[in-house]
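I opened this entry to record what I looked up, going from the whole chain to its nonpolar cores.

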Amino acid sequence: MKLVVTGPFGVGKTTLIRTLSEIPTLHTEEVMTSASTGLDDLRGLPEKSTTTVAVDFGRLTVPGDLVLYLFGTPGQERFFPLWQDIARGALGALVMADTRRLADSFPVMDMVEEQGLPYAVAVNRFPGAPAHSDEVLRRHLDLAPETPLVQCDARNRRDSIGTLIALAEYVLTRLPEDAP
């Protein structure tokens, strides 16, 4: 099952894939340089020094021999055309969000919806970030009632697995009945 892990810049996509992958991850993280000044908004991200410039990839086998292929996307708008290529053939997307910058998730959710991909939202709990109930987050993110919402710490394997379970269960309910 091909899944896309997406979200705005600096939300923890690479961390989540590294936390989950049973194989060494492929990642295209590069040190940020002055060339990104004015392009990448670092407000609220004081320790951010690298960014994904192409794709992250990891794999996780779950009981029942279901293999999840995790493709992480860059979060900046200038990479949206690349996102479309990465998302081709995916069964669903995990959209990551950060309570310090919830509004940054809207363009990504719009893009996922335009592709017609079912998605779940994983709110990554950063140290010192505002904490909100699921009800408040659903309202602020304007989520449909059926859209799964999970709060997690992307560094925590159990939390991260919970995000994929929510997404995979949702995706499986959306498959056509004649799907293999």
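**Burial and overall layout**

I began with burial, and found that 48% of the 180 residues in the protein are buried; I note here that the model is a predicted one.

I then went through the secondary structure, which comes to five helices and seven strands, and which follows the pattern β-α-β-β-β-α-β-α-β-α-β-α when read along the sequence. Turning to contacts between residues at least 6 apart in sequence, I saw that 72% of them join residues at least 24 apart.

**Nonpolar cores**

Next I asked which residues of the largest nonpolar core touch the most other members. Among its 21 residues, these are Val 112, Tyr 119 and Val 121. I listed the elements that each supply at least two residues of this core, and they are α2 (80-87), β5 (92-98), α3 (105-115), β6 (119-124) and α4 (134-141). The largest share, four residues, comes from α3.

I looked at Val 112 separately, leaving out residues up to four places away in sequence, and its contacts are then Thr 6, Trp 83, Ala 93, Val 95, Leu 117 and Tyr 119.

Key: Residues numbered from 1 in each chain as written. Predicted model: local features only at pLDDT ≥ 70, side-chain atom pairs only at ≥ 80, totals over all residues. Heavy atoms only, no water. Core = buried A, V, L, I, M, F, W, Y, C linked by side-chain atoms within 4.5 Å. Buried < 20%, exposed > 50% of the residue type's maximum accessible area, 1.4 Å probe, protein only. Contact = heavy atoms within 4.5 Å.
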